[in-house]
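Subject: Structure for you, with notes

Hi,

Here is the structure I promised to send over. My notes follow below it.

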Amino acid sequence: MTLKTVLLVGLQILERIEYMHCCNLLHGDIKPSNFLVGKGKLKHKIFLTDFEFSHFYNKNGKHITEEVK
């Protein structure tokens, strides 16, 4: 991969995570295998998958505190 390709992929990954945070969500399982590359017309897009451990961190404008178990 060229440096340009690596940087463009990195930017898309950060954009996906930033979008989730703007929706008050934490992914909870960020790892390379949870990012997929599209095919066909979407071959230049990166997708984030596996939301099993995702959760909201903001409710009614207030930060939700972490529960200690």
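Arg 16 forms a salt bridge with Glu 15, and their closest N and O atoms lie 3.6 Å apart. By salt bridge I mean a side-chain nitrogen of Lys or Arg within 4 Å of a carboxyl oxygen of Asp or Glu. Arg 16 is partly exposed at 22% relative accessible area. Glu 15 is partly exposed too, at 42%. (Buried is under 20% relative accessible area, exposed is over 50%, and partly exposed is in between, with a 1.4 Å probe and protein chains only.)

Before you read on: this is a predicted model, where local features need pLDDT of at least 70 and side-chain atom pairs count only at pLDDT 80 or more, while totals for chains, interfaces and linings use all residues. Residues are numbered from 1 along each chain as its sequence is written, and side-chain values use heavy atoms, with hydrogens and water left out.

The salt-bridge count comes to two. The other pair is Asp 29 and Lys 31, at 3.8 Å from N to O. Asp 29 is buried, at 17%. Lys 31 is partly exposed, at 36%.

Next, the helix. Helix 1 covers residues 3-22, 20 residues in total. Its first and last C-alpha atoms are 28 Å apart, close to the expected 28 Å. That expected span is 1.5 Å times one less than the number of residues. Helices here are DSSP runs of H or I with at least four residues; strands are E runs of at least two; both are numbered from the N terminus.

- Asn 24 sits in the loop between helix 1 and strand 1. Its phi is positive, near 65°, and it is not a glycine. Asn 24 is partly exposed, at 25%.
- Asp 50 sits in the loop between strand 3 (46-48) and strand 4 (55-56). Its phi is positive as well, about 60°, and it is not a glycine either. Asp 50 is partly exposed, at 29%.

Last, His 27. Where is His 27 placed? It is in the loop between strand 1 (25-26) and strand 2 (35-37). His 27 is buried, at 4%. Its side chain reaches the backbone oxygen of Thr 49 at 2.9 Å. Beyond neighbours within four places in sequence, His 27 is in contact (heavy atoms within 4.5 Å) with residues including Met 20, Asn 34, Asp 50 and Phe 53.

Best wishes

Key
Polar contact = N/O pair within 3.5 Å; in protein donor to acceptor, adjacent residues only side chain to side chain.
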